[in-house]
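Student: I would like to check the terms used for this structure against what the model shows. Can we go through them one by one?

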Amino acid sequence: MNTPGPSAPKQPSSPAPETEDVVVIDVRDPADTLPEPPGDRIAGTRTVDVSVRILDENDRRAEVNRARLAVLGIRALNFVSSPGAGKTTLLQHTLAALGEDVSSAVLVGDLETANDARRLRRPGVPVAQITTGGACHLDAAMVARAMDAIPLDGVRLLFIENVGNLVCPASFDLGENRRITLVSCTEGEDKPLKYPPMFSSAHAVLLTKIDVAGAMEFDRKLALQNIRRAAPQASVFEVSAKTGEGMDAWLAYLRGLL
Amino acid sequence: MHEVGIAQAALDQALEQAQRAGAVRIHRIVLRVGTLSGVEPTALEFAMQTLLPGSIADGAGLEIEPVPALARCRSCSHEYSPSDGLLFECPHCGALASTVLRGRELELARLEIS
């Protein structure tokens, strides 16, 4: 017989004490329960064809996020890259450049710590840190919870910094409007060929840290060729957040989304 | 290792579908995994095995049906099976842009229940 499942508390998690005024959503906090096992009917063994997509639940939640963002008039961007490709630095400089012209909000995912959220904090820019507790990617449910935790009124651009990982985030739709893949000059020219799904699913690819390309003996031409091969559909930008090189074109791309 | 999350989603789906079919026990779970799905079948199977105990699928057999990739060239419409890896070019005209027709599947195919 069916028995009542454990009742999951649905309130947002409370911020950890060391996180100051940064909003932290730790996905280890309970939010959802599994369906209960079925009742007492016994029959012979039979085979049922179901043919349902396994990511259905995430995809469904992603569509809910997308609809909610559309109603709010928000364009969401999902930033993916290896750890250390410069997502946080790019976002810091992007937020500074957009200033008060374009009202923005940021969700940032990491396995642990609220360091990135602290780095990204700016007056008037709501920031939520999502600590995944070991999960190697953000999913749509985490993004929905984080969206609940920050004020989104008037926000036009929602920047979602995914967990640094060039593999798994490719499989998880967050409900974003644009997927932005970063690859830095310190990573080697063949990254796009080694991790094709992250590039073939990107709307834009940013080649970052181009200020150090010379010092790294980085072959920009070859890297751009490889990006073109793996991501023929994507807009490509070469940027240095540090020196500002290429940032105008990137900012124009963002403004073009509005 | 996002296979753990996918395994959990697969098990959730299996339990939900079994409940819908009025099952008390799941004896076999058959998954369909495309070669371009980004999921490593061995890792997925291992992750599933660790999640089954305690559910009505405890002890269930797991089967993964691989789905080979099939692509259509966006330039010359030639259909081909990409032979190696995730990045491929049309053997007919050499173009890189293609539409994937098959190979991204990540599905719960069948359940054997009682």
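Predicted model: local features only at pLDDT ≥ 70, side-chain atom pairs only at ≥ 80, totals over all residues.

Student: What makes S4(A) and S6(A) a pair of strands?

Tutor: A pair needs at least two bridges. Five bridges join S4 (104–110) to S6 (157–161) in chain A. The pair therefore meets the criterion. These two strands run parallel, and Val108(A) stands opposite Glu161(A) in S6(A).

Student: How do you know that S3(B) and S4(B) pair?

Tutor: Two bridges join S3 (70–73) of chain B to S4(B). The cut-off is at least two, so the strands count as paired. They run antiparallel. Arg72(B) stands opposite Glu79(B) in S4(B).

Student: What makes S4(B) and S5(B) edge strands?

Tutor: The sheet in chain B is open, with three strands in the order S4-S3-S5 and antiparallel pairing. S4 (79–80) and S5 of chain B each have a single partner strand, so one side of each has no neighbour in the sheet.

Student: Which strands are the edges of the eight-stranded sheet in chain A?

Tutor: That open sheet has the order S1-S5-S4-S6-S3-S7-S8-S9, with parallel pairing. S1 (23–26) and S9 (235–238) of chain A pair on one side only, and these are the edge strands. From one strand to the next, the twist averages 20°.

Student: Which strands of chain A does H2(A) lie across, and at what angle to S6(A) does it run?

Tutor: Helix H2 (87–98) of chain A lies across S3 (75–80), S4, S6, S7 (178–184) and S8 (204–208) of that chain. The helix runs at about 165° to S6(A).

Student: What does "buried" mean for the count in chain A?

Tutor: A residue under 20% relative accessible area is buried. Of the 258 residues of chain A, 50% count as buried.

Student: How many residues line the second largest pocket, and which are closest to its centre?

Tutor: The space in this pocket is about 960 Å³. Its lining has 38 residues, and Pro197(A), Ser200(A), Ser201(A), Leu36(B) and Arg104(B) are the closest to the centre. H6(A) gives the largest share, four residues.

Student: What classes of residue make up that lining?

Tutor: The lining has 19 nonpolar, nine polar and ten charged residues. Gly counts as polar here.

Technical notes
Residues numbered from 1 in each chain as written. Chains lettered and ligands numbered in written order. Heavy atoms only, no water. 1 Å grid on protein atoms, 1.4 Å probe; cavity = no way out; pocket = protein on both sides within 12 Å on 5 of 7 lines; lining within 4 Å. Points joined across faces, edges and corners; volume = space filled by probe spheres on them. Axes fitted to C-alpha atoms, helices over the stretch in contact; angles between N-to-C directions. Contact = heavy atoms within 4.5 Å. Buried < 20%, exposed > 50% of the residue type's maximum accessible area, 1.4 Å probe, protein only.
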